[in-house]
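Have the model open in a viewer with residue selection at hand. The tour moves from one selection to the next and says what is there.

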Amino acid sequence: MFDGLTGRLGTILDGLRKRGALSEADVTAALREVRIALLEADVALPVVKEFVATLKAKAVGHEVLRSVTPGQQVIKIVHDQLIDLLGGDTGEGGGVDLNAEAPVPVLMVGLQGSGKTTSSAKIALRLKTRERKKVLMASLDTRRPAAQEQLRVLGEQTAVATLPIVADQTPLQIARRALDTGRREGYDVVILDTAGRLAIDDALMAEVAEVRDAVTPHETLLVVDAMTGQDAVTTATRFNAEIGITGIVLTRIDGDARGGAALSMRAVTGKPIKLIGIGEKLDALDGFHPDRIANRILGMGDVVSLVEKAAETIDREEAEELAKKVQKGSFDLEDMLAQFRQIRKMGGMSGIMNLLPGVGKIKAQLKEANIDEGQIRRNEAIILSMTMAERRNIKVLNASRRRRIAAGSGTTVQEVNRLLKQFQQTQAMMKKMTKLGPKGMQRHGLAGLMPPTR
Ligand SMILES: Nc1nc2c(ncn2[C@@H]2O[C@H](COP(=O)(O)OP(=O)(O)O)[C@@H](O)[C@H]2O)c(=O)[nH]1
Ligand SMILES: [Mg+2]
């Protein structure tokens with residue numbers, strides 16, 4: 001996501017940062033490049049214009065240009081402006097609003113193939129596991145013969161209830177039956193998955209409107225495919241005008257390198273992106289966090305998502321602990337050991353790579369470093385051969401202790417030294433990451449986080 005934009009903005013902003021003083025002309029020139037970068041990311045033209053105009057108004061202020069770190073200030077302004085563009089920092093990460101009387105009706109609408117049925121199941125699974133909600137799903141798609149069956153199968157895979165299929169019912173009849181069942185059987189949420197069309201037409205809108213009037217949904221979520229770029233934004237505008245939507249589920253973010261739909265959606269439609277689909281698997285759904293996405297776009301890395309991902313794989317407390325330590329800089333070899341284990345549990349480096357700062361650079365570094373699992377295991381063995389006191393304070397590790405550890409772990413003193421060096425780099429990098437902020441980490445590179453090789 002946002003690959004091109006991240007690279008371009010990174011270069012532009014790095015250029016600003018490197019200069020000590022900034023003139024108004026410098027800022028204007030940089031903003032011209034920002035404009036081009038956004039257009040190339042397929043952001044809607046009116047959105048780009050307003051974005052750049054607002055940036056300019058804020059960035060050429062005297063306080064900014066006269067400050068000690070004008071480049072840094074401009075980057076902060078871009079960062080804040082991006083968060084605004086994406087819908088503001090709500091801190092909640094979107095998600096489905098269930099603040100209504102149960103069973104809360106959630107209507108899923110959108111064009112055919114946008115991901116409605118998949119997203120219905122993903123949302124149901126998310127509500128079930130995260131919020132312990134009892135969810136019922138019903139397919140109102142009577143148009144495609146296999147559609148109701150598709151939802152039933154997804155229900156089985158996620159262990160979420162689906163409304164029994166009754167032949168020859170109309171969408172409206174199914175919707176009513178779903179709500180009745182929801183009420184009678186004590187469901188918290190009823191998700192209604194509608195049929196789509198290949199393009200917006202009156203018949204589609206009439207059918208959806210009829211269902212909407214019958215069930216008065218608390219949430220009407222429009223599902224759109226991010227890869228269709230500005231078409232997704234147009235679709236959202238139409239649906240909102242004709243049906244009235246409460247939020248957007250943007251799917252196939254995983255295949256969308258440019259990000260134009262994500263960046264324009266809020267500004268053009270006025271409706272929030274609530275969830276994003278990031279893959280075909282049923283857990284590939286994320287909340288939409290403008291702040292985290294702005295960080296990602298600016299190459300600051302999405303450390304929060306990284307920690308969350310870790311938390312899903314490992315113990316949540318352990319992950320929170322690690323995040324705290326990273327922030328405080330009190331990271332020791334015990335933590336590094338936990339980290340090695342996590343990396344292995346999380347399915348190697350590739351899964352977490354995209355969440356880390358400076359992705360482009362890291363990929364290159366990773367290739368060079370040629371990480372292998374075996375090396376991670378050897379590093380684990382080295383740390384395991386140390387006493388707890390040694391793990392907490394590596395300063396005590398004199399030559400004879402290092403020899404003992406090498407022998408104990410079946411490695412060499414060189415390997416022990418390499419691990420210790422890497423640990424010190426990681427520690428230093430983590431300090432810098434919190435002190436210098438975003439780009440500090442990128443510049444320093446990720447070598448420190450990676451196990452030494454060779
Ligand atoms: N890569 C990717 N594929 C998705 C995503 N969401 C849905 N799909 C795929 O898109 C296809 C159509 O999805 P479906 O839910 O049947 O669309 P519907 O016609 O709107 O109900 C399926 O093959 C899904 O696996 C996503 O976020 N990422
Ligand atoms: Mg469908």
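Start with helix H6 (residues 116-131), which supplies three residues to the shell around ligand 1, the largest share. Helices (H or I, at least four residues) and strands (E, at least two) are DSSP runs, numbered from the N terminus. The model is predicted: local features need pLDDT of at least 70, side-chain atom pairs count only at pLDDT 80 or more, and totals for chains, interfaces and linings use all residues. Residues are numbered from 1 along each chain as its sequence is written, while chains are lettered from A and ligands numbered from 1 in the order in which they are written.

Now select ligand 1 with the residues around it. There are 19 of these, and Gly-115, Lys-116, Thr-117, Thr-118 and Gly-277 come nearest. A residue is near a molecule if its C-beta atom, placed from the backbone, lies within 6 Å of it. The shell holds three nonpolar, twelve polar and four charged residues. Here Ala, Val, Leu, Ile, Met, Phe, Trp, Tyr, Cys and Pro count as nonpolar, Asp, Glu, Lys and Arg as charged, and the others, Gly among them, as polar.

Next, select helix H1 (residues 3-18). Its 16 residues should span 22 Å at 1.5 Å a residue, and the end C-alpha atoms are 23 Å apart, which agrees; the expected span is 1.5 Å times one less than the number of residues. Which residues of H1 are buried? They are Leu-5, Thr-6, Leu-9, Gly-10, Ile-12, Leu-13 and Leu-16. A residue is buried if 20 or more other C-beta atoms, placed from the backbone, lie within 10 Å of its own, exposed if 12 or fewer, and partly exposed in between. Helix H2 (24-40), H5 and helix H12 (290-297) are among what covers the buried residues of H1, contact being C-beta atoms, placed from the backbone, within 7 Å.

Then go to the backbone exceptions. Most residues other than glycine have a negative phi, and most peptide bonds are trans. Select Ala-102 and Pro-103: the peptide bond between them is cis, with omega near -5°. Pro-103 is in the loop between H5 and strand S1 (104-110).

Ala-159 has a positive phi, near 55°, and lies in the loop between helix H7 (147-158) and strand S3 (161-162). Ala-159 counts as exposed because it has 10 C-beta neighbours inside 10 Å.

Finish at Asp-168, where phi is near 65°, also positive. Asp-168 sits in the loop between S3 and helix H8 (171-184) and is exposed, with 6 other C-beta atoms within 10 Å.

Note on methods: Contact = placed C-beta atoms within 7 Å.
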